[in-house]
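Here's a quick tour of a protein chain for someone meeting it for the first time. Take a look at the model, then read on.

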Amino acid sequence: MPHTMKNQLKLGFGLMRLPRKADGSIDVDLTAALADRFIEGGGTYFDTAYVYEGSEEAARKALVERHARDSFTIASKLNARAARSREDARAQFDISRKRLGVDFFDFYLLHAMGEGNYGTYNDYGIWEFLAEKKEQGLIRHLGFSFHDTPAVLDRILTDHPEVDFVQLQLNYADWENPEVESRGVYEMARRHGKYVTVMEPCKGGLLANPPKAVKEMFDAAAPGKSYASWAFRFIASQEGIFTVLSGMNAMDQMEDNLSTMQNFVPMTEEEYALIAKAQDIILNGGSIPCTGCSYCTEGCPQQIPIPRIFRTRNNQILYDLPLEKAKGEYAFATGGRGKASDCVECRQCEDACPQHLEITRLLKECAAALE
Ligand code: SF4
Ligand code: SF4
């Protein structure tokens, strides 16, 4: 276990989706109130990235300028895909330090690693660059966030045994999903002896509002416990997990997560059995396993709001949304943008999707169901 993380709350504050005001700017006052409550509740770990728009500056104002440096730890990430050159990629390190107003990073990651961009990180010499920064004391713990298969993780960790930890997208719904291989990826990280930070434990919010049959099961087993608490406890009960990130942007979410993690109780065998039933309902319920990360949308020539279309379709499938209501949601989601049927099958979105979804095929299904 990284020494700075011993005996701390296993909850991390993800700063990717910070609360926004009506004008679209980040609500720094609310972010500050959330950060205060998080620290007061025993939290230390804050997670941002060079590519999270406005997040690092907001973290400086809401956190770094208001709290003693030894009362929190901060993680940021370098993103080679967002850089035009080797110099551009390396420059992100100091830009992030400046935006955040910190001298060193407690945790620093190569962002969104996978087969598709591993070569870019190698070509730009990012591993060596960050090893130097660690030598200089500017990084305490080095890691990477990862979206790919266990085999790809095995290769990268074999090439780079020097990393201290990996950040994985893990949740109970995808644990046994053969397309996502959540459990396989986690087990590979542990086989290499790496500690794990977890992102998207609620699968982009989907597990905070699971299918009706799952809700009924959880309500009967633990009345009054939030559905998100089941997702957190499942992940935090796994060995070697040192932080479970949650992108909290409202105080009630913060309170719910704190209460789950402050009084953390590992899952019992009976609860694991219920999770297995929930996995089955979700996996076989026919919904689209999209996390809403939006990596697919940036380069879409047709400006198709892919995750919003998938969310509408999932609502229709899992929550028995009446057709007229689903069509209304769809029209709202696609208003002024591309519709599912506007897809020209260029497939750039499929290359960008960490869940490896067959987006073009799924869009055809959505068009048939909702247009
Ligand atoms: S394949 Fe379709 S949805 Fe994907 S980027 Fe191209 S046009 Fe957009
Ligand atoms: S389709 Fe893939 S890339 Fe797009 S939002 Fe969903 S999970 Fe993310």
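## A glutamine in a loop

Let's start with Q355, which sits in the loop between α14 (348-352) and α15 (359-370). Helices here are DSSP runs of H or I with at least four residues, strands are runs of E with at least two, and both are numbered from the N terminus. Q355 is buried, at a relative accessible area of 3%; buried means under 20%, exposed over 50%, and partly exposed in between, using a 1.4 Å probe and protein chains only.

What does Q355 touch, leaving aside its neighbours within four places in sequence? Its contacts are Q169, D174, V180, P289 and T291, where contact means heavy atoms within 4.5 Å.

## What you're looking at

This is a predicted model, where local features need pLDDT of at least 70, side-chain atom pairs count only at pLDDT 80 or more, and totals for chains, interfaces and linings use all residues. Residues are numbered from 1 along each chain as its sequence is written, chains are lettered from A and ligands numbered from 1 in the order written, and side-chain values use heavy atoms, with hydrogens and water left out.

## The whole chain

The chain has 15 helices and eight strands. Along its principal axes, the C-alpha trace spans about 60 × 45 × 45 Å. For 371 residues, a compact globule would have a radius of gyration near 21 Å, and the chain's 20 Å agrees with that. That radius is taken over C-alpha atoms, and the globule rule is 2.2 Å times the number of residues to the power 0.38.

Buried residues make up 53% of the 371. Take the contacts between residues at least 6 apart in sequence: 76% of them join residues at least 24 apart.

## Two domains

The domain assignment gives domain 1 (3-282) and domain 2 (306-370); such bounds come from an automatic or database assignment. Where they meet, eleven residues from domain 1 and six residues from domain 2 take part in the contact. The C-alpha centres of the two domains lie 27 Å apart.

## Two residues with positive phi

E200 isn't a glycine, yet its phi is positive, near 55 degrees. You'll find E200 in the loop between β7 (195-199) and α8 (212-221), and it counts as buried because its relative accessibility is 14%.

Q303 isn't a glycine either, and its phi is about 50 degrees, also positive. Q303 lies in the loop between α11 (269-283) and α12 (306-318). Is Q303 buried or exposed? At 58% relative accessibility, Q303 counts as exposed.
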